[in-house]
Amino acid sequence: MHSAMDPAARSRTYGGFLHLEELLSLQESPSGHHDEMLFFTAHQIYELWFKILLHELERARDAMLADDVPWALYCLRRVRVIERVLCEQIDVLATISPGSFQQFRGGLYSSSGLQSAQFREIEFLSGLKDPAHLRRDDLTDAERERLTRRLAEPALTEAFDMLRVRRGSPDLAEILRSEVIDDDLGRLAEALIDHDEGFSQWRYRHVRMVERIIGGRDGTGGSSGVGYLRSTLAKRFFEELWSVRGRL
Ligand code: HEM
């Protein structure tokens, strides 16, 4: 007979470090419908990746503020790879048939990805600071506090601008004109635009998947659904990095 492992030893095992018992008890399916488990779990997985994205973006921002371009590039490279993974995962959700989704959709009430505070934090931290998101009445106190902090702290856009000023405000067009970009700021500008594109690609993949599953229906969060999501495709973090291309 095995004796029960003592808690200190347990905390140093694979399951202990990962809190697997708690983690694997958090996937529920209130309706018991087959696809609902995937639907909720996929959202949890996204939220975990959002947490890592915030961790990396924050470090990239801080590195820029500290004139440490290599560290910023190190984090932004990972951000881009994670965004690719986020896009790929959309394919899993697209395996939910429209008919299946309708069977448990009613039980979602008015919950929606629209309420994801971490998603807004990523937008705020990247430079899209829309204070209207703070006016929602469905935020918890902790979520409101986090978003308020993100609104006040420097975004990647601001950190990049400050770094440029400290480097004597070189003309970005001049830097990006070279055939092979070797300049520190130029490489950073390209890494930031990669992040912008990576996030936009997720928006695009999400809206196409949503259309495939619910067509022209309104969203559970109260928006017009696909119509609203299409309007977000125009969002950009680094306007200047896009517009400068017209001046090269
Ligand atoms: C069957 C799968 C899904 C469907 C049918 C769906 C549907 C929708 C709809 C209709 C909206 C518009 C807002 C509203 O509810 O009125 C929305 C927004 C959103 N969804 Fe999804 N979604 C799905 C999966 C996901 C997943 C896995 C995530 C990952 C976190 C996600 C994140 C978001 C976010 C962040 C928004 C807000 C986007 C913005 O405001 O720019 N969704 N979704």
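Me: How many disulfides does a search of the whole structure find?

Reply: The search finds zero disulfides, a disulfide being a pair of cysteine sulfur atoms within 2.5 Å. The structure is a predicted model, in which local features need pLDDT of at least 70, side-chain atom pairs count only at pLDDT 80 or more, and totals for chains, interfaces and linings use all residues. Residues are numbered from 1 along each chain as its sequence is written, and side-chain values use heavy atoms, with hydrogens and water left out.

Me: Are cysteine 75 and cysteine 87 called buried or exposed, and why?

Reply: Buried means under 20% relative accessible area, exposed over 50%, and partly exposed in between, with a 1.4 Å probe and protein chains only. Cysteine 75 has 1% and is therefore buried; cysteine 87 has 9% and is therefore buried.

Me: Why is glutamate 56 called buried, and which residues does it touch?

Reply: Its relative accessibility is 7%, so glutamate 56 counts as buried. Glutamate 56 lies in helix H4, helices being DSSP runs (H or I, at least four residues; strands, E, at least two) numbered from the N terminus. Not counting residues up to four places away in sequence, glutamate 56 touches Cys75, Arg78 and Val79, where contact means heavy atoms within 4.5 Å.

Me: Which other residue forms a salt bridge with glutamate 153?

Reply: Arginine 150 does, with the closest N and O atoms 2.7 Å apart. Glutamate 153, arginine 61 and arginine 150 belong to a network of salt bridges that also includes Glu58, Asp62, Glu121, Arg146 and Arg149. The count of salt bridges comes to 23.

Me: What are the accessibilities of glutamate 240 and arginine 164, and how are they classed?

Reply: Glutamate 240 has 37% relative accessibility, so glutamate 240 counts as partly exposed. Arginine 164 has 13%, so arginine 164 is buried. Their side chains meet in a salt bridge at 3.1 Å, N to O.

Me: Which residues touch the most other members of the largest nonpolar core?

Reply: They are Met64, Phe101, Phe160, Leu188, Leu192 and Leu241, in a core of 56 residues. Such a core is a set of buried Ala, Val, Leu, Ile, Met, Phe, Trp, Tyr and Cys residues joined through side-chain atoms within 4.5 Å. Leaving aside neighbours within four places in sequence, leucine 241 is in contact with Phe160, Leu172, Ala189, Leu192 and Ile193.

How values were computed. A salt bridge is a side-chain nitrogen of Lys or Arg within 4 Å of a carboxyl oxygen of Asp or Glu.
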